[in-house]
Amino acid sequence: MILYHGSYTHFENIDLKKNRKYKDFGQGFYTTKVESQAQQWARNMSARFGALVGYVSIYECDESLFKNFKYLSFNEPTEEWAYFIMNNRNAEFSDFENQLNNHNNQFDIVEGPVANDNIAVVLDQFMMNMKSGTALVEALEYKNLNHQISFHTEKGISLLTKVKHYDVR
């Protein structure tokens, strides 16, 4: 499979320590199967960090090997997916043993929908108990959710082979 990564900077080697914490699936290297999404990520990151140019890196990855890794996949938005994201985004989260999370990178690879800004309001309402889990899933079904695959360990990123990169403006 071909995966794309959008960034404000070009790099040859993936350094997991440079990735931000408290993202949807935890601290990791985020990719997508959707090239236009990676291009938008590159533009957004460039604007945020004042870079004139963004970059899309292209990787090959053998997804048949995922079965040999600690791999978690969400095929669609579910309550479990929403809780997982909320737990990972929460810097004060501490119930590691009882609630699904990836704060300690227990998963090598996580795949599923992107919880982008369009659904942040829905997630916030859910977190404040203004929406039930069922209502949350129903609300998310009508959103155009993009796709992401994140790699959280050195073992996970060992599956990625960089093919090339290009500039995005």
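Analyst: Rings of Phe, Tyr and Trp (its six-membered ring) pair if their centres lie within 6.5 Å; planes under 30 degrees apart count as stacked, over 60 as edge-to-face and the rest as tilted. By this rule the structure holds eleven aromatic pairs. The model is predicted: local features need pLDDT of at least 70, side-chain atom pairs pLDDT 80 or more, while totals for chains, interfaces and linings use all residues. Residues are numbered from 1 along each chain, and side-chain values use heavy atoms, without hydrogens and water.

User: Why is the pair of Phe25 and Phe84 called tilted?

Analyst: The centres are 5.9 Å apart and the planes stand at 40°. Phe25 is in the loop between β1 and β2, Phe84 in helix α2 (residues 79–89), and 59 residues separate them. Helices (H or I, at least four residues) and strands (E, at least two) are DSSP runs, numbered from the N terminus.

User: What makes β1 and β7 edge strands?

Analyst: Strands pair if DSSP finds at least two bridges between them. The open sheet has the order β1-β3-β7, with antiparallel pairing. β1 (2–7) and β7 (160–168) each have a single partner strand, so one side of each lacks a neighbour in the sheet.

User: How do you know that β3 pairs with β7?

Analyst: Eight bridges join β3 (residues 54–61) to β7, and the definition asks for at least two, so they pair. Within this antiparallel pair, Tyr55 stands opposite Asp167 in β7.

User: What makes the residues in the lining of the largest pocket nonpolar, polar or charged?

Analyst: Ala, Val, Leu, Ile, Met, Phe, Trp, Tyr, Cys and Pro count as nonpolar, Asp, Glu, Lys and Arg as charged, and the others, Gly among them, as polar. The lining divides into 13 nonpolar, 15 polar and nine charged residues.

User: Which element gives the most to this lining?

Analyst: Helix α1 does, with eight residues. β1, β2 (29–31) and α1 each supply at least two.
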